[in-house]
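Work through the following exercises with the sequence and the model at hand, and try each task before reading its solution.

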Amino acid sequence: MLSLLNLDTLSRLWQGLFITLEISIISIIITSFFGLILGILMSFKNRYIYILCRFILEFVRIMPLLVWLFIVYFGFSRWLGVNLSSTVSAIIVFSIWGSFEMMDLVRSSLQSIPKHQYESAKSLGLNKFQAYFYIIIPQAFRRLTPVSMNLLTRMIKSTTFAYLIGSVELVKVGQQIIEFNNKNDLAPFIIYGFIFFIFFIICYPITLYSRKLEKKWS
Amino acid sequence: MDLNFIINHLNVFIAAAWLTLKLSFFGIVFSIIIGLFCILMSYFRIKFIEQICKIYIELSRNTPLLIQLFFLYYALPKFDIHLEQIPPLNLICLSVDETLRPAFACAIFGLSFLGGSYMAESFRSGFEAIRKQQFEAGLSLGFTKLGNFRYVILPQILAISISSISANIIFLIKETSVVSIIALPDLVTAMKDLNSLTYKTDELLFLLFMGYLCIILPISLILFFVEKRLSNA
């Protein structure tokens, strides 16, 4: 039964996993960068920026990710004339979605810092930039880390959507292996079970770590 | 934009949206039941089942729905496990076409499997926020343990975690978009199939977008008002 998981299959699954990881890691890097900037921007007391950010967030949030993937993958090539590969469109969609979700997390963690922290920073003679850099952001960071790790696992899980627009990532490779071994009745069970397990191995440590941080810092 | 095309194919999308709604309805109901079950187990301190619930929650939260569905749909029948014949699911499956029943049962099972853990986590956060005295106060008023849960604990859990419950509901509706992989004719399938036939991508993307908007926007508005009512209570 386990003969199906030979070296050949494993190396092919690794190639698929590589694409999956590539999509998630690149989007996570872009997400953390833009999420932080947007979140800090949103927490400034400017009503127009806030309303604009909030509007885009709700707009991004209300549609399933798959619909955004379709819009970018099918739509962009028609409207803008650029032909994006499915992997690139997945990275674009996940980065945009992640950035705005991250923005909300950053905003709420910045706002959860009590007001007197800002005031005491001011009374120490720090200017606004210094106050943010030395006092507010380090504190907000502690509240932010566990929740953003939650978002991270969600992003890793969402990479499976890329399969639906034809990206050759882990799920697709698994399916190819199953088709190749179609005489083996147990192939779907083993391969899909194995992929299930891979995702669990990737995501579970992150969940555990975020829970640990939450306990430690709260 | 070809308006005629949109009008001609509207019925396909309405049928597809109806399927999405049905799926999400059953998925949400079952996941709330599963979540309640998990929290009841920790309320009654039934250690063994509580542990099983914990393992289940970790498994389902850390794996994507797509893989869960693939596993249910392709792997289980090889072991002669047919979800569409298992009691509560077989009755629900009567509402769809016979050829769709296996996929429909899998989709509902998968959605409840995924959603149940999310609901359980929401309920748990509410459960842990309730003060100790509340548990004793109800008992001292003469409620039974179950009555105490029903009349004292549960309303407080709902009031505390309503925002995350409604987030989960929206999440589950959005997550139904994955069921196209097991050949259920939902909105995504309709878009994909018609796109490969007609190449009217703009119109179809518009229909897809509007389909989800018509489902999710009203529900999220309703949830928003429910949330407001409950948080004032």
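**Exercise 1: the interface**

Across the interface of chain A and chain B, 10 residue pairs, both at pLDDT 80 or more, are in polar contact, meaning a pair of N or O atoms within 3.5 Å, where within protein one must be able to donate a hydrogen and the other to accept it, and residues adjacent in sequence count only if both atoms are side-chain atoms. This is a predicted model, in which local features need pLDDT of at least 70, side-chain atom pairs count only at pLDDT 80 or more, and totals for chains, interfaces and linings use all residues. Residues are numbered from 1 along each chain as its sequence is written, chains are lettered from A in the order in which they are written, and side-chain values use heavy atoms, with hydrogens and water left out.

Task: Find which helix of chain A gives the most residues to the side that touches chain B.

Solution: Begin with the helices (DSSP runs of H or I, at least four residues, numbered from the N terminus). Helix 2 (47–62), helix 3 (65–79), helix 6, helix 7 (161–164), helix 8 (170–180) and helix 9 of chain A each supply at least two residues of that side. Among these, helix 9 of chain A gives the most, with 12 residues.

**Exercise 2: a salt bridge**

Task: State how far apart the closest N and O atoms of A:Arg211 and B:Glu58 are.

Solution: A salt bridge requires a side-chain nitrogen of Lys or Arg within 4 Å of a carboxyl oxygen of Asp or Glu. Between A:Arg211 and B:Glu58, which form such a bridge, the closest N and O atoms are 2.7 Å apart. Across the interface of chain A and chain B, the rule finds two salt bridges.

**Exercise 3: helix length**
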